[in-house]
Amino acid sequence: MSSMTFEQLELDPILVRALTDMGYAKPTTIQSQVIPEAMSGRDIMASAPTGTGKTAAFLLPICQHLLDFPRRNAGPARILILTPTRELAIQIGEDAKKIARHTPLRVEVITGGVHESQHLPALTKTTDIVVATPGRLLQYIEEESFDCRDIEMLVLDEADRMLDMGFIKEVDRIAAEARWRRQTMLFSATLEGHGLMKFAADLLKDPVEVSAEPPRSERKKINQWVHMADNPEHKFALLLNLLRQPDVTRSIIFVKTRERLMELASRLQQEGLHNAWLRGEMEQEKRNEALSRFRIGRVNILVATDVASRGIDLPQVSHVINYDMPRTADVYVHRIGRTGRAGQKGTAISLIEAHDMPLLVKVEKYIEEPLKRRFIEGLRPQHKEAKVASRKKKDGERSSKKKVAPVKKEKVRLRDTKAKGKPKWATEKSAADKANKSGRKPAAKDNNQ
Ligand code: AMP
């Protein structure tokens with residue numbers, strides 16, 4: 001948290017009152033950096049992962065602007081917020097309604113996956129803020145049922161993710177339609193990559209760049225470690241053991257494909273571990289139902305593909321468990337960001353098989369710290385940790401980098417890797433072994449539109 005107050009940011013008292021209702025006592029770092037610049041009318045380009053308070057960082061200057069320049073006539077939206085996923089759109093819509101609750105401002109959400117009739121208010125009634133996913137919004141624009149001419153501010157939230165999901169054309173088109181806007185704000189988990197920088201350069205005018213590396217106090221609440229698994233059956237045994245620990249009160253388990261998701265969800269169910277699951281290409285109603293079962297605590301385990309790894313705010317997640325490692329290190333960081341939010345403690349545990357080692361090394365480099373190895377008595381791995389070949393160093397060349405992932409040097413004898421003395425879970429395998437192999441092909445695109 002910064003040392004500023006919301007009053008010092010010159011926000012209208014009716015907004016500050018809403019923030020108090022929401023339990024926000026002080027602005028977060030990103031909020032105190034973005035809000036004054038945004039209120040001065042500058043374009044914003046901010047690197048802000050979820051969990052930093054980025055949503056209010058753009059919603060507050062938006063609401064302040066709408067209060068400062070109240071509309072004179074009925075008409076379409078003046079603010080457009082684009083987000084990659086439906087969940088995120090719904091979430092931001094809810095936050096906007098909370099922040100605007102003491103104001104007359106009207107907020108609507110437009111996403112795919114719901115019947116068009118639900119969007120009638122957004123399309124036909126006076127609306128101030130529209131939060132939308134690009135696909136459905138563009139459809140309405142093309143049908144000429146949504147009018148962008150009154151848009152004064154455009155927000156691109158999770159821009160990196162929108163690009164990853166292939167929305168660049170849609171977003172470009174929408175931005176062109178909203179060309180009378182006066183201000184654009186782009187938020188992204190990272191500001192890296194040629195694609196993103198070009199996208200930003202095309203859409204933003206002389207932006208203020210805010211790279212709010214959240215301070216340690218806001219970032220470092222996540223305790224992370226890994227368990228080594230010999231094979232899929234061992235991994236499942238580790239998972240069961242973890243989920244039955246008393247401190248594992250609410251967890252999200254990430255898997256890589258929807259097939260793996262369904263398999264794991266039903267195996268857990270068979271073990272009496274009730275869960276909800278979340279993946280792409282799910283009817284909106286089912287999706288909302290799964291989320292709310294988890295939110296209100298009817299179940300305490302959510303099994304999810306990466307669709308759930310960004311954007312959704314699920315309070316009090318005690319543990320994030322990577323049952324399958326993600327494809328890249330930055331997705332790892334997004335996943336673990338589901339726990340330890342807004343100053344609470346959180347734990348992220350990754351279950352690692354030999355084939356995950358190269359990625360583990362990448363993650364450790366990315367987060368600049370080695371992940372602790374932990375063991376569970378009775379479920380210790382039989383195999384030695386696989387080593388990842390590193391670049392050969394010339395004689396005398398000394399690495400300037402911090403060493404990560406210290407690997408204990410122990411002799412590996414052939415018989416250690418054979419079946420001798422294998423624990424019970426290891427002999428049970430085979431079926432799940434096969435299932436895992438088929439699940440190892442690249443994930444089908446888990447598109448969320
Ligand atoms: P976000 O990064 O926008 O997804 O926000 C992450 C979490 O922090 C959400 O649960 C917000 O409700 C919460 N939050 C945002 N701003 C503040 C604040 N100033 N004080 C306390 N909590 C906040």
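Predicted model: local features only at pLDDT ≥ 70, side-chain atom pairs only at ≥ 80, totals over all residues.
**Exercise 1.** Find where Thr339 sits, and decide whether it is buried or exposed.

*Solution.* Start with the chain: Thr339 belongs to the loop between α14 (329-336) and β13 (346-352). Next, check its relative accessible area, which is 1%. Buried means under 20%, so Thr339 is buried. Now look at its polar atoms. A polar atom of the Thr339 side chain lies 2.6 Å from the backbone oxygen of Val317. The side chain of Thr339 also reaches the backbone nitrogen of Thr347, at 3.5 Å. Finally, list contacts beyond four places in sequence: among them are Ile222, Ser318, His319 and Lys345.

**Exercise 2.** Work out which strands pair with β13, and how its two faces are covered.

*Solution.* Take the pairings one by one. Strand β8 (residues 222-228) runs parallel to β13 and is joined to it by seven bridges; here His227 has Leu351 as its bridge partner. Strand β12 (residues 319-322) is also parallel to β13, with four bridges, and Ile321 is partnered by Ile349. For the faces, recall that side chains in a regular strand alternate between the two sides of the sheet. In β13, one side carries Gly346, Ala348, Ser350 and Ile352, the other Thr347, Ile349 and Leu351, and all are buried.

**Exercise 3.** Identify the residues that touch the most other members of the largest nonpolar core.

*Solution.* This core has 39 residues, and the two to pick are Ile62 and Ile81. Helix α3 (residues 54-68) supplies the largest share, eight residues. Then follow Ile62 beyond its sequence neighbours: its contacts include Ile79, Ile81, Met153 and Met185. A separate core of 34 residues includes Leu82 and Ala178.

Terms used:
Residues numbered from 1 in each chain as written. Heavy atoms only, no water. Core = buried A, V, L, I, M, F, W, Y, C linked by side-chain atoms within 4.5 Å. Buried < 20%, exposed > 50% of the residue type's maximum accessible area, 1.4 Å probe, protein only. Contact = heavy atoms within 4.5 Å. Polar contact = N/O pair within 3.5 Å; in protein donor to acceptor, adjacent residues only side chain to side chain. Pairing = 2+ DSSP bridges.
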